[in-house]
Amino acid sequence: MAEFIRARSEEQKAHRMAQIKAAAERQFAERPYHEISLTTIADELGWSRANLYKYVATKEEIFLSLAMDKRDAYHQALLRAFPANSKPSAKEAACTWAAIAAQNQQHFTYGGILLMIIETNVTVEKLMVFKESYYEQLEALTAQLSSALNIDPERISPLTLAIYHQAIGLTGTCLRNPLVREALTRLGREIQEVDFRGAMQDFIELCIEGFQHKYPLAR
């Protein structure tokens with residue numbers, strides 16, 4: 001094992017955390033979440049587990065930070081795509097939003113384990129940072145999406161959450177499980193592949209049209 005030199009400056013600490021998150025992300029792409037541990041991450045980095053503990057207390061802290069990175073990238077893409085008063089049609093908005101969702105599918109993959117696993121195994125202080133940045137971004141999204149899509153500001157949060165949970169469901173479809181595919185094959189059942197972007201576009205268009213009709217922006 002190579003000699004471990006503890007980070008001293010904030011820049012060095014940020015670099016160490018980037019290394020930790022990159023290792024965790026690589027492992028998450030290759031194996032189930034429950035097979036990842038601080039030990040597997042430390043081994044990949046060539047560190048001892050004790051050295052890894054200098055930066056994180058649980059693997060959920062790492063994944064909370066990764067989830068925040070993916071969430072921020074998704075939200076920033078939405079903010080760039082829907083400037084205030086842009087007024088796209090529901091179909092145009094759905095096409096744009098679905099493309100962003102497809103480009104940010106990892107955000108929804110992390111969302112699938114966020115509520116029940118990640119958020120229940122971190123400190124309140126870590127969770128406060130995560131939640132505070134979410135609500136700050138929601139304020140910006142509310143202002144822009146409400147204006148761009150002609151929807152009551154109070155309904156933007158329900159709209160974005162509906163789309164978020166639909167994307168989690170499509171991203172985490174059971175058909176990604178090889179055991180499920182094998183079971184269906186043996187049963188002679190047709191395996192219908194999921195068109196994530198197409199399914200999201202249809203769903204988003206329905207949502208936007210419904211919200212515009214029921215909750216239009218007050219004039």
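The buried residues of helix α6 pack against α1, α4, α5, α7, α8 and α10, where buried means under 20% relative accessible area, exposed means over 50%, and partly exposed covers what lies in between (1.4 Å probe, protein chains only). This is a predicted model, in which local features need pLDDT of at least 70 and side-chain atom pairs count only at pLDDT 80 or more, while totals for chains, interfaces and linings use all residues. Residues are numbered from 1 along each chain as its sequence is written, and side-chain values use heavy atoms, with hydrogens and water left out. Helices (H or I, at least four residues) and strands (E, at least two) are DSSP runs numbered from the N terminus.

- The buried residues of α6 are His107, Phe108, Tyr110, Gly111, Ile113 and Leu114.
- The largest nonpolar core has 57 residues, of which Ile41, Phe63, Trp97, Leu149 and Leu159 touch the most other members; such a core is a set of buried Ala, Val, Leu, Ile, Met, Phe, Trp, Tyr and Cys residues joined through side-chain atoms within 4.5 Å.
- Two or more residues of this core come from each of α1 (10–30), α2 (38–45), α4 (59–81), α5 (90–103), α6, α7, α8 (156–171) and α10 (196–214), and α4 gives the most, with ten residues.
- In soluble globular proteins, nonpolar side chains tend to be buried together.
- Trp97, leaving aside its neighbours within four places in sequence, is in contact (heavy atoms within 4.5 Å) with Tyr74, Leu78, Phe82, Leu145, Leu149, Leu159, Thr160, Ile163, Ile204 and Ile208.

**Aromatic pairs**

- The structure holds twelve aromatic pairs, a pair being counted if the ring centres of Phe, Tyr or Trp (its six-membered ring) lie within 6.5 Å, with planes under 30 degrees apart classed as stacked, over 60 as edge-to-face and the rest as tilted.
- Tyr74 and Phe108 form an edge-to-face pair, at 5.2 Å centre to centre and with 75 degrees between the planes; Tyr74 lies in helix α4 and Phe108 in helix α6, so this pair ties together parts that are 34 residues apart in sequence.
- Elsewhere, ring pairs link Phe28, Tyr33, Phe63 and Tyr110 into a cluster.

**Charges over rings**

- Arg71 lies over the face of Phe130, at 4.6 Å from the ring centre; a charge sits over a ring if NZ of Lys or CZ of Arg is within 6 Å of the ring centre and within 35 degrees of the ring normal.
- The charged end of Arg155 sits over the ring of Tyr215, 4.3 Å from its centre.

**Salt bridges**

- A search of the whole structure finds nine salt bridges, each defined as a side-chain nitrogen of Lys or Arg within 4 Å of a carboxyl oxygen of Asp or Glu.
- Arg71 meets Asp72 in a salt bridge at 3.0 Å, N to O; Arg71 counts as buried at 4% relative accessibility, whereas Asp72 is partly exposed, with a relative accessible area of 23%.
- Lys13 forms a salt bridge with Glu10, the closest N and O atoms being 3.7 Å apart, and the two are separated by about one helical turn because they lie three residues apart in helix α1.
- Within this pair, Lys13 counts as partly exposed at 33% relative accessibility, while Glu10 is exposed, with a relative accessible area of 61%.

**Glu119 between α6 and α7**

- Glu119 lies in the loop between α6 (105–114) and α7 (124–149), and at 14% relative accessibility Glu119 counts as buried.
- Not counting residues up to four places away in sequence, Glu119 touches Leu114, Leu127, Phe130 and Lys131.
- The side chains of Glu119 and Lys131 meet in a salt bridge of 3.1 Å, N to O, which links the loop between α6 and α7 to helix α7 across twelve residues of sequence.
- Lys131 counts as partly exposed, at 30% relative accessibility.
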